[in-house]
Structure formats: structure tokens, C-alpha cells
Amino acid sequence: VPLAVMLLIPETLRTFGAAFPDIRLRVSEELYIAQLQRLRKGEVDVAVGGIPQGLSSGEFVTEPLLATRMVVVVRRGHPLEKARSLGALAGAKWVYTGATRDEGYAKTLYERHGMAPPAVGAVVNSTLVLISLVGSGDFVGLLPQQIAMHPLCARYLSTVPVAEEGLPLTVGAIVRSDSAVSPAVRHFIAHLHRAAHHVDQGAAP
């Protein structure tokens with residue numbers, strides 16, 4: 001998940017790599033559905049991303065790392081850049097992240113505020129694709145606040161100042177229950193916590 005890749009993984013790799021130079025790490029970016037599938041198959045040891053609702057506590061163990069909010073973003077100069085409500089954006093072309101148009105943070109955000117989900121302009125399975133579509137067209141999307149404010153994105157994207165509160169999201173580490181006791185996994189998660197603490201300290205006023 002890009003929030004982890006951009007904010008947590010670099011610091012985690014630096015400190016974990018220094019402490020355990022003989023352990024090789026492989027990092028890949030995928031949506032949480034693919035992450036969970038690979039966890040179940042034992043193809044990965046740790047998934048880092050938004051902790052989904054209804055996750056099986058018997059199958060997986062979660063470690064909350066970082067709290068964020070999904071905020072509305074558009075390209076700079078977009079006609080709806082100064083919109084003040086989700087209602088004003090309901091007719092826009094929204095980018096949904098997920099496997100189908102029946103899921104995604106945009107749908108959840110609107111339903112959370114008692115509104116019908118906005119029209120689907122595109123369905124993508126990559127946040128990088130979402131950023132590309134929003135940054136170069138008239139699409140509207142949702143990004144974690146920390147990514148929206150990151151210099152790499154803020155140069156091209158604007159956070160729309162809607163009155164409604166952004167969608168809360170807890171970013172965490174997810175591991176299989178049978179691998180949660182692995183010393184290497186526990187040490188890696190400890191370094192993720194350290195990196196998350198640095199992010200929180202940097203965000204503090």
C-alpha cells in the first residue's frame with residue numbers, strides 16, 4: 001500500500017536492515033485483497049495496509065501502526081478544486097480502488113455520510129494508477145492524507161476542502177496467526193512501529 005511504501009517502509013528497511021543484515025526482504029505493492037490472498041498461501045510473511053473490517057481474528061493477527069484519513073483529491077486547476085461538500089462532487093467521475101465497482105473507499109465515504117455512492121469513472125487496482133488518472137484528468141479520488149500532502153503528490157494534486165469528515169483508516173501490519181510468533185516477523189513489526197512513531201512525531205504540530 002503506497003502509504004506504507006512511502007512513509008513506513010524506507011525507515012523500516014533502514015533500521016531493520018542495519019539490525020539484521022543477513023535477512024533479505026522483498027517489498028511489493030498490492031491492494032489488500034491480493035495481500036490477504038498471498039498471506040493465506042504463505043507467499044508473504046507480512047502485509048502492511050489498511051486493516052479491513054471483518055478480518056478473521058482466528059486466521060490473522062493485526063498490529064495497528066498509524067491512523068490516517070482518506071481525503072478527496074483532484075488535479076490542480078480542476079473545476080471542482082474548491083468544492084465545499086461531497087454533494088457538489090457527486091456528479092464527478094470518481095476513481096474507485098478495488099476489484100469491482102461495488103466496493104472502494106469512495107462508496108464507503110458517501111454511505112458513511114448517508115449519501116448514495118458517486119458515479120464510477122474508473123475502477124483501478126493500484127493507487128499509482130489512481131494518482132495518474134486524477135493528476136492528469138478530471139477524475140476525483142481518495143488518498144490517505146499523508147500521501148496527499150507528500151511533496152511528490154502535492155505538486156500535482158489538491159485536497160478538496162469538503163465539509164464532511166474524511167474516511168478514517170487504520171494502517172497496520174497483518175500476519176497469519178501461525179507466523180505471528182516468528183522472531184523475524186516480530187522484529188520486523190517492531191521496526192514498523194518505530195517508523196510509524198517517527199511519522200507521527202513528524203506530523204505533530
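Residues are numbered from 1 along each chain as its sequence is written, and side-chain values use heavy atoms, with hydrogens and water left out. Because the model is predicted, local features need pLDDT of at least 70 and side-chain atom pairs count only at pLDDT 80 or more, whereas totals for chains, interfaces and linings use all residues.

Helices (H or I, at least four residues) and strands (E, at least two) are DSSP runs, numbered from the N terminus. Helix 1 covers residues 2-19 and includes Val5. Ala4 also lies in helix 1 and is buried at 2% relative accessibility; buried means under 20% relative accessible area, exposed over 50%, and partly exposed in between (1.4 Å probe, protein chains only). Leaving aside residues up to four places away in sequence, Ala4 touches Ile9, Pro10 and Val48, where contact means heavy atoms within 4.5 Å. Ala4 and Ala195 are 191 residues apart along the chain, and their C-alpha atoms are separated by 9.8 Å. Ala19, another residue of helix 1, is partly exposed at 43% relative accessibility. Between Ala19 and Ser182 there are 16 Å in space, C-alpha to C-alpha, and the two are 163 residues apart in sequence.

Val5 has a relative accessible area of 33% and is partly exposed. Together with Leu13, Ile23, Leu25 and Val27, Val5 forms a nonpolar patch on the surface, and the accessible area of these residues together is about 350 Å². Patches are made of residues with over 30% relative accessible area and no salt bridge, with like charges joined within 9 Å and nonpolar side chains (Val, Leu, Ile, Met, Phe, Trp, Tyr) within 5 Å. Accessible areas come from the Shrake-Rupley method with a 1.4 Å probe, and for residues only the protein chains shown count as cover.

The count of aromatic pairs comes to three. Rings of Phe, Tyr and Trp (its six-membered ring) pair if their centres lie within 6.5 Å; planes under 30 degrees apart count as stacked, over 60 as edge-to-face and the rest as tilted. Phe16 and Phe188 form an edge-to-face pair, at 5.3 Å centre to centre and with 85° between the planes. Phe16 lies in helix 1 and Phe188 in helix 7 (residues 183-203), so this pair ties together parts that are 172 residues apart in sequence. The rings of Trp94 and Tyr110 are edge-to-face because their planes stand at 90°, with the centres 5.5 Å apart. Trp94 lies in strand 3 (residues 93-97) and Tyr110 in helix 3 (residues 105-112), so parts 16 residues apart in sequence are tied together by the pair. Trp94 and Tyr110 are both buried. Ring pairs also link Phe16, Phe20 and Phe188 into a cluster.

Strand 3 also holds Thr97, which is buried at 15% relative accessibility. Not counting residues up to four places away in sequence, Thr97 touches Glu103, Gly104, Tyr105, Val124 and Leu130. Leu130 is one of the buried residues of helix 4 (residues 127-136), the others being Thr127 and Val134. Seen down the axis of helix 4, these buried residues fall within an arc of 50°, so they line one face of the helix; the arc is that of the directions from the helix axis to the C-beta atoms. The face turned away from the buried side of helix 4 carries the exposed residues Leu128 and Ser136.

Eight salt bridges are counted, each being a side-chain nitrogen of Lys or Arg within 4 Å of a carboxyl oxygen of Asp or Glu. Glu11 forms a salt bridge with Arg14, with the closest N and O atoms 2.7 Å apart. Glu11 and Arg14 are three residues apart in helix 1, and are therefore separated by about one helical turn. Glu11 is buried at 18% relative accessibility, whereas Arg14 is exposed at 53%. In the salt bridge of Glu63 with Arg186, the closest N and O atoms are 2.9 Å apart. Glu63 lies in strand 2 (residues 60-75) and Arg186 in helix 7, so the pair ties together parts that are 123 residues apart in sequence. Glu63 is buried at 18% relative accessibility, and Arg186 is partly exposed at 34%.
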